[in-house]
Amino acid sequence: MKKNSAVRIATIGIMSALATGLMFLEFPIFPSVNFLKFDPSDILPLLAGFIFGPIDGILVLLIKDILFFLLKSGDIVGIAMNFAAGASFLLPAIYIYRIRKNRAFEIIGYVVGVVVVAGVMTVLNMIVVPLYWKIPLQETLKYLPIIAAFNAIKFSIDAVVTSLIRERIARIFEN
Ligand code: RBF
């Protein structure tokens with residue numbers, strides 16, 4: 001699919017703005033780790049990745065995070081973690097889908113993406129949380145299963161929603 005670059009750039013802008021808006025809906029899933037927040041904004045970078053490719057997906061994710069940092073959070077650590085999570089889900093999902101663009105590879109991509117994001121973010125949190133909250137690693141280890149579960153739940157929800165709407169959205173860009 002060759003895409004008109006004006007349409008591509010405009011779509012990236014609209015998707016980034018929509019994603020920023022969706023990120024304002026953030027709320028914690030587990031009260032004990034209230035710095036881990038769910039929001040559905042990563043669906044838009046994922047859709048951009050499916051339609052235009054992984055670089056554009058990462059671009060929507062990056063613009064969303066920069067805008068949210070400037071408009072609301074002001075917390076560089078949280079934004080960096082949000083970006084790391086979005087990217088470690090998006091990249092495996094999109095690269096696997098691009099091997100064969102069919103339903104089976106789409107689903108394998110989601111599953112691998114969820115496994116990768118849960119693994120990567122659990123390790124990253126073991127490094128960042130002791131520094132961020134100044135609590136010993138020993139203490140942080142107690143939260144390891146909740147951190148893995150949080151990321152698995154968050155990105156499974158994103159995967160299910162995306163799988164339901166991806167084709168309808170992608171069709172808009174066909175021709
Ligand atoms: N977001 C995730 O999706 N997965 C994570 O594992 C994750 N770890 C975080 C760890 C810390 C210490 C902070 C401050 C944030 C983390 N975030 C993570 C981002 C968080 O859920 C939220 O999106 C941002 O803080 C923006 O409000």
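Just after helix α3, Gly74 takes a positive phi of about 65 degrees. Helices here are DSSP runs of H or I with at least four residues, strands are runs of E with at least two, and both are numbered from the N terminus. The model is predicted: local features need pLDDT of at least 70, side-chain atom pairs count only at pLDDT 80 or more, and totals for chains, interfaces and linings use all residues. Residues are numbered from 1 along each chain as its sequence is written, and side-chain values use heavy atoms, leaving out hydrogens and water.

- Helix α3 covers residues 54-73.
- Its buried residues include Pro54, Ile58, Leu61 and Phe68. Buried means under 20% relative accessible area, exposed means over 50%, and partly exposed lies in between (1.4 Å probe, protein chains only).
- Charged residues are on the buried list too, among them Asp56, Lys64 and Asp65.
- The buried residues of α3 pack against α1 (5-23), α2 (43-52) and α4 (76-99). A contact means heavy atoms within 4.5 Å.

**Lys134**
- Lys134 also has a positive phi, of about 55 degrees, although it is not a glycine.
- Lys134 sits in the loop between α5 (103-132) and α6 (137-141).
- Lys134 counts as exposed because its relative accessibility is 71%.

**Overall fold**
- The protein has 7 helices and 2 strands.
- Along the sequence, the pattern reads α-β-β-α-α-α-α-α-α.
- The radius of gyration is 16 Å, close to the 16 Å that the globule rule gives for 175 residues, so the protein is as compact as a globular protein of that length. This radius is taken over C-alpha atoms, and the rule is 2.2 Å times the number of residues to the power 0.38.
- The C-alpha atoms fill a box of roughly 55 × 35 × 20 Å along the principal axes.
- Of the 175 residues, 42% count as buried.
- Take the contacts between residues at least 6 apart in sequence: 70% of them join residues at least 24 apart.

**Regions from the record**
- UniProt, in an unreviewed entry, places the feature "transmembrane region" at residues 6-25, 76-97, 109-133 and 145-165. Its positions are given in the numbering used here, feature names are shortened, and annotations may be inferred rather than shown by experiment.
- Residues 6-25 are 90% helix and 0% strand, with end C-alpha atoms 30 Å apart.
- Residues 76-97 are 100% helix and 0% strand, with end C-alpha atoms 31 Å apart.
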